Amino acid sequence: MDERTQRFLDEAVDRGWITRAQVEECLRIQETVRDVGVEQKLEEILVRKGYLSPERVRALHRELSAMKIGKYQILERLGEGGAGIVYKANQEPLERVVALKVLSRQRAGMEKYLERFLREARIAVTLNHQNIVRGLDYGEVDGYHYF
């Protein structure tokens with residue numbers, strides 16, 4: 001799966017528009033039709049199954065093509081954990097490449113996860129040791145909590 005499709009799926013799941021189970025089902029369908037020589041985009045399958053509307057697909061692709069979180073331009077997805085996603089991002093205007101940890105929107109609505117994330121962010125920006133990755137910044141913009 002290409003990076004663009006993965007980002008699309010991760011963001012749609014984070015927003016609660018689709019579930020991981022629906023994604024897995026559509027991936028199986030995509031593989032089945034590929035076996036008979038038909039290439040079909042995953043987004044098309046999600047729409048045909050009624051899991052996403054064509055309008056949401058277009059809007060999310062538009063948004064992701066220029067995805068920014070505050071002063072950070074998202075370059076690629078590096079990994080995912082229980083509460084969020086880590087992206088490779090460009091910190092503007094410093095033109096510095098950083099790892100940007102973002103709390104999922106679903107988890108941000110859960111006080112326990114938000115408190116834990118903010119505690120981790122505050123600790124990360126105060127640490128200064130050669131064997132520990134130092135946090136540079138944390139905050140919230142447009143509903144995204146990050147550090």
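Me: How are helices and strands defined, and how many of each are there in the protein chain?

Reply: Helices (H or I, at least four residues) and strands (E, at least two) are DSSP runs, numbered from the N terminus. In this predicted model, the protein chain has six helices and six strands. Read from the N terminus, their order is α-α-α-α-β-β-β-β-α-α-β-β.

Me: What conventions apply to the numbering and to the values?

Reply: Residues are numbered from 1 along each chain as its sequence is written, and side-chain values use heavy atoms, with hydrogens and water left out. As the model is predicted, local features need pLDDT of at least 70 and side-chain atom pairs count only at pLDDT 80 or more, while totals for chains, interfaces and linings use all residues.

Me: What box do the C-alpha atoms of the protein chain fill?

Reply: Taken along the principal axes, the box is roughly 55 × 35 × 30 Å.

Me: What does buried mean, and what share of the residues counts as buried?

Reply: A residue is buried under 20% relative accessible area, exposed over 50%, and partly exposed in between (1.4 Å probe, protein chains only). Of the 147 residues of the protein chain, 36% are buried. Accessible areas come from the Shrake-Rupley method with a 1.4 Å probe, and for residues only the protein chains shown count as cover. The protein chain exposes about 8900 Å², and carbon and sulfur atoms supply 49% of this area.

Me: How is a contact read, and which residues does Thr-5 touch?

Reply: A contact means heavy atoms within 4.5 Å. Thr-5, in helix α1 (residues 3–14), touches Leu-42 and Glu-43, when residues up to four places away in sequence are not counted. Thr-5 counts as buried because its relative accessibility is 14%. For the protein chain, among contacts between residues at least 6 apart in sequence, 46% join residues at least 24 apart.

Me: Where is Glu-63 found, and which residues does it touch?

Reply: Glu-63 belongs to helix α4 (residues 54–65). Its relative accessibility is 36%, so Glu-63 counts as partly exposed. Leaving aside residues up to four places away in sequence, Glu-63 touches Arg-15 and Tyr-144.

Me: Which C-alpha separations are given for Gly-70 and Gly-79?

Reply: Gly-70 lies in the loop between β1 (68–69) and β2 (72–80), and is partly exposed at a relative accessible area of 34%. The C-alpha atoms of Gly-70 and Val-141 are 5.9 Å apart, although the two residues are 71 residues apart along the chain. Gly-79 is in strand β2. From Gly-79 to Lys-101 the C-alpha distance is 9.3 Å, at 22 residues apart in sequence. Gly-79 touches Ile-85 and Val-86, not counting residues up to four places away in sequence.

Me: When does a charge sit over a ring, and which charged ends sit over the ring of Tyr-113?

Reply: The criterion is that NZ of Lys or CZ of Arg is within 6 Å of the ring centre and within 35 degrees of the ring normal. The charged end of Arg-107 sits over the ring of Tyr-113, 4.4 Å from its centre. The charged end of Arg-116 also sits over the ring of Tyr-113, 5.7 Å from its centre.

Me: Where is Pro-93, and is the peptide bond from Glu-92 cis or trans?

Reply: The bond from Glu-92 to Pro-93 is cis, with omega near 0 degrees. Pro-93 is found in the loop between β3 (84–91) and β4 (96–103). Glu-95 is placed in the loop between β3 and β4, and has a positive phi of about 55 degrees although it is not a glycine. Glu-95 counts as exposed, at 57% relative accessibility.
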